[in-house]
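Take a look at the model below.

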Amino acid sequence: MAETLEKTLSKYTIEGELYSLLPDGKIQCYACGHLCKIAPDHRGVCLVRSNRDGKLYVPFGYVGALQHDPIEKKPFFHALPGSSALSFGMLGCDFHCSYCQNWFTSQALRDPQAESSPHPISPQELVRLTQKYQAPVIASTYNEPLITSEWAAAIFKEAKRAGLKTAYISNGNATERVLDYLRPWVDLYKVDLKSFDENHYRQLGGQLQTVLKTISLLKEKGFWVEVVTLCIPGFNDSDQELKKIAQFLVSISKEIPWHVTAFHQDYRMQDRNGTPASTLLRAAHIGKEAGLDFVYAGNLPGQVGEFENTHCPHCQTTIIERLGFNVIKNRLVNGQCPQCQTKIPGVWE
């Protein structure tokens, strides 16, 4: 299956832009933090970026998944609340998380059980679909968007011309070069900060420091950033680890929304129970105590009290009330608290 899929995907490629030439016919790819040095007729860690005759060929011209979602599902809580996003993805990933909820697309080239296939489409068609569904946002998600950044940029250029907002839902394993490449075209950027333990990150196929650097660079370069930590029992849910995550985010900006979300058994991680509401509440309180202005608990609608809602950090007025991915009431006025006029950070228009 993987070999057949690899051959099929090779038809949906163009020469990439995020690379440089090295001696002996090798090339260096800058799409993700692996910075792969790829020999002729070989592929990078992601398995979708390859060296053909001294040129980097990258995915282009198809989707592996396509869906119309609430923007809160991404999750973005400080971007056009109550609206929606056309969400597309390709195949492949630079990580191999054992609990991946999108493994049918992300692990399609590694796992014969992941029977996904490409569906040809153009950037113009994707933008037309976004407009058809009256979605103000188009998002690259379901696999790791960094490794298909040339494709996303082509779509997002069309999206910008149509007045749409654009989003990356990413593991944050970036390079400064790819972020500079994306900056003109990407508005919203969600990072999965999966752990604060280097050994855990190695198990997933990445490096903690690379992801921390990405979050710092995203804020520095002016992307709208929200961070998610999937709280997995016995993996990353200790008080100590959650405090480190929260304290790191505060050191970048206390205005970064932090979503602590519930794990459920998926893919190859079937050896532990789902995350109880008590863990999410504990994590959320740790975030608030560390000094974060906006902490949210997700994936357990109705079980986490006020941590589904957005509150004014100055007067604690409830500004946006939610149940799961649904906005029940939005009291925001011109991006401000209706009670004390404190400006609430986000992308509201």
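At what angle do the axes of helix α7 and helix α8 cross? The model is predicted. In it, the axes of α7 (residues 208-221) and α8 (residues 239-252) cross at roughly 30° and come within 10 Å. Angles under 35 degrees count as roughly parallel, so α7 and α8 are roughly parallel to each other. Their crossing is right-handed.

The α7 side of the contact consists of Leu212, Ile215, Ser216 and Lys219, which meet Phe248, Leu249 and Ile252 in α8. By class, five residues in this contact are nonpolar, one is polar and one is charged.

The largest pocket is lined by 44 residues. Closest to its centre are Gln101, Asn102, Ile169, Lys190 and Asp192. Several elements each supply at least two lining residues, among them α2 (103-106), β12 (165-170), β13 (188-192) and β14 (224-231). β8 gives the most to this lining, with four residues.

The second largest pocket has 16 lining residues. Glu6, Ser10, Arg43, Ser50 and Arg52 lie nearest its centre. Two or more lining residues come from each of α1 (2-9) and β5 (50-52). Which element gives the most to the lining of the second largest pocket? That is β5, with three residues.

Methods
Residues are numbered from 1 along each chain as its sequence is written. This is a predicted model: local features need pLDDT of at least 70, side-chain atom pairs count only at pLDDT 80 or more; totals for chains, interfaces and linings use all residues. Side-chain values use heavy atoms; hydrogens and water are left out. Axes are lines fitted to C-alpha atoms, for helices over the stretch in contact, and angles run from 0 to 180 degrees between N-to-C directions. Angles under 35 degrees count as roughly parallel, over 145 as roughly antiparallel, 65 to 115 as roughly perpendicular and the rest as oblique. A crossing is left-handed if the near helix is turned anticlockwise from the far one by less than a right angle, and right-handed if clockwise. Contact means heavy atoms within 4.5 Å. Ala, Val, Leu, Ile, Met, Phe, Trp, Tyr, Cys and Pro count as nonpolar, Asp, Glu, Lys and Arg as charged, and the others, Gly among them, as polar. On a 1 Å grid over the protein atoms alone, a cavity is a set of points where a 1.4 Å probe fits but cannot get out, and a pocket is an open set with protein on both sides within 12 Å along at least five of seven lines; lining residues have an atom within 4 Å of a point.
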